[in-house]
Amino acid sequence: MADFLSQYSIQRWIEMCPQGYLENTVYGRGPDEHEPEAILDDTEQRDAAISSTVQLVVGERCALAASSGLINAAPDYPSKRFLATQTLDEARHVEVFTQRLFDLGVKKDDLEDTVQEHANPNLVKFAEVLLEKVGNGDFLAGVVGQNIVLEGMAFTVFELLETANKELNPKFAHTLSGTIADERRHVGFGENRIGSLVREHPEKKPEIEQMQQEMTYYMLATFADAFSGPQVQPAEPPTGEADFHGTNLATATPEEMEAVLSNTVLGEFKTRLDRIGLEYQSPPVPA
Amino acid sequence: MPSDEDFDPHVLAEDAFIEEVQSFQFWFGAVEGYLTGQSYGHDPGMADPPLDETQRERLITTLCNYCVGETAALEGASGLVSLAPNHPAKIFMATQVVDEARHLEVFLRRLNDLGVEDTTTEIVRRANPALTEFKDALMQLVAAGDWDAAVFAQNVILETMEFTVFRSHAQNADPMTAEILEGVISDERRHFGFGENDLGRRLAHDPEGRARLRDVRRDLDGLVLGVFEGALADLEVPAADRHVLGRDYLETVERLGLTQ
């Protein structure tokens, strides 16, 4: 365990993150990059961008509360130190996505109202399920919920958004690429550290699997909400291919996008849960 | 986002100042200067001549107590993220969490350099009881969800104590320990700056809150004295000079209007 955890030291984090892929960035993007005028000048597109960014802020606020809350419950110092780096990563994500809302024209005084207005209720419930475990000081369930379920979902959503925005909005795509690099580290820690703890505490499996089932239900309901109803199309469709796990996002229908996103996240869940000795549980009611 | 190296956040209006100095972006710029090229808080090529046995023993005891203080700060700051009354304060606390974890890491690493393998046992064995008791008191304030009292205990009392002791130690420590301490001191300055600024604004028009924190201070004063005495004795600071070192703490408390 000690060797694996040494890969998650503060020193390593400083070398990889602030002195690595974040060097020369401002709020996670190039100092001279801006939101495209095509979004800023089109009310419908701007509102759609605000709404989708609010979901990222809600998810990252949950991740910040969860990772900081898990530090005191962590059973060893290397885990506490890793969670400290994750806490700051998540705070950075809250900051860069909040900054994007400001870049899209949200006034600072209107931030909380905007978040409340656009936050998907299913995503809020998803967060509540996780934060209840964290609030109870349940390290094992908290790390599975945070670093496997929440981070697994965030990782795939960010990848989809990055692919879709590479050509249309390089500024946002760059912001996302830094957060993806962070999430990859977080998911890796969850898999590595939790596997041994699950083996030590097999009696916890049913409770953790139930939490995963509930979180998955609310996640799929959030995806269904996001892709239902009329979708806002970019004024100028991308000219190149935006391939995401075999689906061209430039030409895909909302149903196809929802399907590829859900299938990719669920596939990741199954693989990662299996690696730590847990069995994926389908949601109780089809979402 | 100002990128000019000469940028001074103090020229900003109050709200903009708070948002600026409590951001990840500000932290990022601040630590870049003194952590670049360092490994575990010091120049990786730095020579580390062996200490004599008495010096080594004293340093191990001192570092073990630094680890107790930094663990308190790490656990306190992480608990304060969820209590913070606004998002800039949450983000600042998250930067403090990683600073405290870094301090813990560099002190543990220094203990390893000095030949301590089982750091956990050694820390428990050498911990100053007053410091352990202070840590428990801080965690009770955090668990009670009392932001003002916990920030006072953590970012004013604990951070000022650490700042004072580390600064005194850095003046006559071996070169490697001194360099590690210099980086830690730079972080602590940011932390108690936040505590004083946040509490100063909140208490300015809150005489009841100030009276409450005076009580908290009174409850903790005995422990603070015990921590200072233990740390300064370990560092062999002459008894006559010790009251001078407590001055930073007393001045801060006075600025906040928390003297009797």
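E236(B) lies in the loop between α9 (207–234) and α10 (239–245) of chain B. In this predicted model, E236(B) has a positive phi of about 60° although it is not a glycine. Most residues other than glycine have a negative phi.

**Backbone angles and exposure**

- E236(B) is exposed because its relative accessible area of 54% is over the 50% cut-off.
- Y40(B) also has a positive phi, of about 50°, and is likewise not a glycine.
- The loop that holds Y40(B) runs between α2 (24–35) and α3 (53–83) of chain B.
- Y40(B) has a relative accessible area of 15% and is therefore buried, since buried means under 20%.

**A patch of negative charge**

- On the surface, E44(A), D47(A), D109(A), D110(A), D113(A), E117(A) and D15(B) gather in a patch of negative charge.
- Two elements of chain A, α4 (43–71) and α6 (111–118), each give two or more residues to this negative patch.

**The patch residue from chain B**

- Among the residues of the negative patch is D15(B), which is placed in helix α1 (residues 14–21) of chain B.
- D15(B) has a relative accessible area of 62%, so this residue is exposed.

Key
Residues numbered from 1 in each chain as written. Chains lettered and ligands numbered in written order. Predicted model: local features only at pLDDT ≥ 70, side-chain atom pairs only at ≥ 80, totals over all residues. Heavy atoms only, no water. Patch = residues over 30% accessible without salt bridge, like charges linked within 9 Å, V, L, I, M, F, W, Y side chains within 5 Å. Areas by Shrake-Rupley, 256 points an atom, 1.4 Å probe, with all protein chains shown as cover. Salt bridge = Lys/Arg side-chain N within 4 Å of Asp/Glu carboxyl O. Lys, Arg positive; Asp, Glu negative; His and termini not counted. Charge placed at Lys NZ, Arg CZ, Asp CG, Glu CD. Helix = DSSP H or I, 4+ residues; strand = E, 2+ residues; numbered from the N terminus. Buried < 20%, exposed > 50% of the residue type's maximum accessible area, 1.4 Å probe, protein only.
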